[in-house]
Amino acid sequence: MSKNPETEHPKKSYGWAARDSSGVLSPFNFSRRATGDNDVALKILYCGICHSDLHAIKNEWGNSVYPIVPGHEIVGLVTEVGPKVKKFKVGDKVGVGCLVGACTNPNSCHSCKDGFENYCLEMILTYNALYHDGTITYGGYSDWLVVEDRFAVRFPDSVPMDKGAPLLCAGITVYAPLKYFNLNEPGKHVGIVGLGGLGHVGVKFAKAFGAKVTVISTSPSKEEEAIKHLGADEFLVSKNDEQMQAAMGTMDGIIDTVSAVHPLLPLISLLKSNGKLILVGAPEKPLELPVFPLIMGGKVIAGSCIGGIKDTQEMIDFAAEHNITAEVEVIKPDYLNKAMERLAKNDVRYRFVIDVASATIPRVD
């Protein structure tokens, strides 16, 4: 049973919440905890809109607890630090991604000890999750946030905060599998399935690693965008049998960002022997797994879920070094519901970002 933040938390906050599965977002007054010894408080300036936010506010995964304040692509300025915090100071630019907590004793947890808080069995998501104190977490569609310092990352000055915010989810989601499945080596041939919020930054990271990049899409109209604007080397229309046949056995690895049900066999066929197909999208229904071509080619299908905090910091620093940002459409908070309608239709190139700082926030003392 979750506790009521209004009675557990003393500091007033303001944001935008969904109250039911209609998903309609409206102004919401709530409370956050006071800054603890190891916490940082930050004024939120920008927050990206992830497709999972849409799933959550509509309870499409069946685990939503209302009211929900979404948002896990958060960038802002530190306004207060706890007495034990050494990593940040007031005025620093910081980012907060999908995680705000994990087990309380990281030295006893293999995942946390190895820097994979994202796989900790006690992982706490930035919103719609149960925090250590028994309250439900509220996300970045709000004016400010308090978070334990080990779950915040330094945000480089050279990365624009609006275009960089989506990297805290979309960026790390593609960066981590490229790194851990050894697809970050120059000369590797990497396929990116889907050219949306995840796929477009996947192209940029893979190219920055020195890979040959092929975008695989159902939409022929995206070819010019993929090659001329994003820098992909080749483009395959997955419905074109001739193109797919010609590319069989050519790729070292594929990052599959598609969250709709789709066949895996055509993608497996594109892999070289011992190639890897890594799933980062999350279809609502199970996918059919063709075992025989895996066995005969020594091929691997794996999954990857965001990344740990160390890798997230590494990713954002790499993005700064290589001038990688997301393609965004910045919106005011009063456009939130229209943005969600458009997101449901995939009518965005490629990520909405909320200009939280532009909102008139009524303060309640």
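Reader: What do the buried residues of helix 12 pack against?
Author: Quite a list: strand 1 (11-18), strand 2 (25-32), strand 3 (39-49), helix 2 (51-57), strand 16 (328-331) and strand 17 (351-355). Keep in mind that this is a predicted model.

Reader: And which residues of helix 12 are the buried ones?
Author: In helix 12, residues 336-344, they are Leu336, Ala339, Met340, Arg342 and Leu343.

Reader: How do you know that they sit on the same side of helix 12?
Author: Look at the arc: around the axis they cover only 165°, so they end up on the same side of helix 12. The general rule is that an α-helix has 3.6 residues a turn, so residues three or four places apart point the same way.

Reader: What happens to phi just after helix 12?
Author: Asn346 takes a positive phi there, of about 55°.

Reader: What does Arg351 touch, then, not counting residues up to four places away in sequence?
Author: Its contacts include Ile49, Cys50 and His51, along with Glu73, Pro166, Gly197 and Glu327.

Reader: Glu327 again. What makes Arg349 and Glu327 a salt bridge?
Author: The rule asks for a side-chain nitrogen of Lys or Arg within 4 Å of a carboxyl oxygen of Asp or Glu. For Arg349 and Glu327 the closest N and O atoms are 4.0 Å apart, so the pair passes at the cut-off. The two are 22 residues apart and link distant parts of the chain: Arg349 is in the loop between helix 12 and strand 17, and Glu327 in the loop between helix 11 (309-322) and strand 16.

Reader: Are Arg349 and Glu327 buried or exposed, or something in between?
Author: Arg349 has 38% relative accessibility, so it counts as partly exposed. Glu327 has 17%, which makes it buried. Both also belong to a network of salt bridges, linked with Lys204 and Glu225.

Reader: How many salt bridges does the rule give?
Author: The count comes to 21. One of them joins Asp233 and Lys207, with closest N and O atoms 3.1 Å apart. That pair spans 26 residues, from Lys207 in helix 6 (residues 197-208) to Asp233 in the loop between helix 7 (223-229) and strand 12 (234-237). Asp233 is partly exposed at 36%, and Lys207 is partly exposed at 30%.

Reader: How do you know that Lys332 and Asp355 form a salt bridge?
Author: Their closest N and O atoms are 3.6 Å apart, and the limit is 4 Å, so they qualify. Lys332 lies in the loop between strand 16 and helix 12, and Asp355 lies in strand 17, 23 residues apart. At 45%, Lys332 is partly exposed, whereas Asp355, at 14%, counts as buried.

Reader: What about the loop between strand 2 and strand 3: why is Asn38 called partly exposed?
Author: Its relative accessibility is 34%, which falls between 20% and 50%, so that is the label. Leaving aside neighbours within four places in sequence, Asn38 is in contact with Lys84, Val85, Val147, Glu148 and Asp149.

Reader: Which residues have the most contacts inside the largest nonpolar core?
Author: Ile49, Tyr141, Phe205 and Ile255, in a core of 102 residues. Strand 3 gives the largest share of this core, seven residues. Apart from it lies another core, of 14 residues, among them Ala247, Ile254, Ile268 and Leu294.

Reader: And what does Phe205 touch, sequence neighbours aside?
Author: Beyond four places in sequence, its contacts include Leu167, Val174, Tyr175, Met315, Phe318 and Ile324.

Methods
Residues are numbered from 1 along each chain as its sequence is written. This is a predicted model: local features need pLDDT of at least 70, side-chain atom pairs count only at pLDDT 80 or more; totals for chains, interfaces and linings use all residues. Side-chain values use heavy atoms; hydrogens and water are left out. Buried means under 20% relative accessible area, exposed over 50%, partly exposed in between (1.4 Å probe, protein chains only). Helices (H or I, at least four residues) and strands (E, at least two) are DSSP runs, numbered from the N terminus. The arc is that of the directions from the helix axis to the C-beta atoms. Contact means heavy atoms within 4.5 Å. A nonpolar core is a set of buried Ala, Val, Leu, Ile, Met, Phe, Trp, Tyr and Cys residues joined through side-chain atoms within 4.5 Å.
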